Amino acid sequence: MTEVNNGLPSTGEFFRRGNYAPVADELTSYDLSVDGAIPPELDGWYLRNGPNPRQATAHWFTGDGMIHGVRLEGGAAKWYRNRWVRTDSFIEDFPLYNADGTRNLRSSLANTHVVSHAGKTLALVESSLPYEITNDLETLGAYDFGGKLVDSMTAHPKICPTTGELHFFGYGSIFEPYVTYHRADVNGELTLSRPVDVKAQTMMHDFAMTAKHVIFMDLPVVFDLDVAIKGEGDMPYRWSDSYGARLGVLHREDPFGEIRWFDIDPCYVFHVANAYDVGNSIVLQAVRYPELWRRGGDFDVAAVLWDWTIDLAAGTVTERQLDDLGVEFPRIDDRLAGLNARYSVVVGDNCWVRYDLTTGDAVRHELGTHGPGEAVFVPMPGDRDESNGWYLGYVYNPDRDGSDLVILDASDFSGKPVATIALPQRVPYGFHGNWVTG
């Protein structure tokens with residue numbers, strides 16, 4: 001198997017081997033062993049989602065969702081649990097499409113992310129409705145915002161740190177509009193749904209938010225009917241040389257107003273690090289692929305950190321590569337989503353890398369032969385400093401074919417972890433998670 005230096009393997013059925021392979025058992029284990037000392041301020045649940053197929057699948061993205069969680073309280077690791085998200089289609093044979101050709105939004109893998117908003121914890125995949133779970137990982141059922149959401153929900157919603165609003169979109173309909181933007185208020189009430197005009201069924205995995213704007217990425221990975229008809233389980237999207245690439249800017253105070261589109265060089269972005277306003281411009285920071293899925297659904301090219309500066313007055317975009325290191329899964333201090341956050345932590349080749357987005361400097365936390373997943377920032381309670389808190393993430397230990405929850409002190413990013421919690425089984429490489437405060 002060839003490895004691309006961005007935390008993702010490149011080709012072949014990698015998701016059936018090594019730490020990509022699924023685990024068979026759902027476990028609950030109490031009073032976990034800890035090397036070091038868990039900060040007593042960490043009171044909550046670390047939950048991370050990812051694909052864990054019950055049977056062979058043709059692509060890493062199409063495995064059944066499984067959440068792995070650790071409960072931290074009083075300086076102790078109280079328990080580890082892993083549970084499949086028991087969606088309607090997990091429990092019984094639920095067709096992907098209804099008789100009229102529309103998507104059956106309750107048919108879901110729920111395998112990509114876990115977010116908490118307005119007292120609800122939601123397991124997400126972008127093709128379906130969210131599924132509500134408890135923090136003890138029991139599935140409560142599909143969540144449609146009281147019947148108001150009749151659309152899929154992106155796996156990458158944004159929570160505004162100022163208003164508490166949840167911003168998200170849905171895409172993938174075979175009918176226009178192909179993309180719809182949604183907003184829920186701080187209490188979880190769906191208050192806004194409006195179409196986003198794109199030319200075709202583009203694969204819009206993520207988007208960006210600032211204090212004043214939302215930014216949509218209309219990029220040249222689009223639905224391919226021939227691939228879908230073959231029915232071989234591959235992702236039904238392919239690179240298009242003719243589609244073009246553009247960023248769409250919508251002012252948050254005029255949510256039904258015009259979306260201004262700005263052309264950029266063709267590329268693909270799975271994951272945005274952050275975006276923020278500066279004067280009459282917007283800076284968007286993301287992990288950029290020069291192209292993706294030209295011939296198949298493999299990851300055979302590395303992605304690196306870039307930024308785009310959109311000058312709203314001049315109507316221009318400046319594009320800039322920030323580094324040449326292959327990385328993925330960028331995260332910031334979520335309290336600064338849409339503001340000028342200083343740090344973003346990404347996954348590299350057996351390391352975490354923290355970029356200083358103001359200076360361009362990068363600091364590594366080397367893990368030797370150990371393989372990290374996404375790192376989530378947890379702030380010190382009551383403190384607004386981005387460097388006063390901790391980074392949490394699962395790390396695969398090949399020496400024992402097992403996994404640990406590793407906790408880093410944000411003020412000593414390259415230093416020894418403050419705590420390493422040995423888990424009772426391997427946590428396969430997955431996608432995204434969050435810290436849910438107790």
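Cys 160 is buried, with a relative accessible area of 5%; buried here means under 20% relative accessible area, exposed over 50%, and partly exposed in between (1.4 Å probe, protein chains only). Cys 351 is buried too, at 1%. The whole structure turns up zero disulfides, a disulfide being a pair of cysteine sulfur atoms within 2.5 Å.

A word on the model itself: it is predicted, so local features need pLDDT of at least 70 and side-chain atom pairs count only at pLDDT 80 or more, while totals for chains, interfaces and linings use all residues. Residues are numbered from 1 along each chain as its sequence is written, and side-chain values use heavy atoms, with hydrogens and water left out.

On to Asp 206, which sits in the loop between strand S15 (190-196) and strand S16 (208-209); strands are DSSP runs (E, at least two residues), numbered from the N terminus. Asp 206 counts as buried because its relative accessibility is 1%. Its side chain makes a polar contact with the side chain of Lys 158 (2.9 Å). Such a contact is a pair of N or O atoms within 3.5 Å; within protein, one must be able to donate a hydrogen and the other to accept it, and residues adjacent in sequence count only if both atoms are side-chain atoms. A polar atom of the Asp 206 side chain also lies 2.8 Å from the backbone nitrogen of Val 272.

Trp 352 belongs to strand S28 (residues 351-356) and counts as buried because its relative accessibility is 0%. A polar atom of its side chain lies 2.7 Å from the backbone oxygen of Gly 373.

Key. Helices (H or I, at least four residues) and strands (E, at least two) are DSSP runs, numbered from the N terminus.
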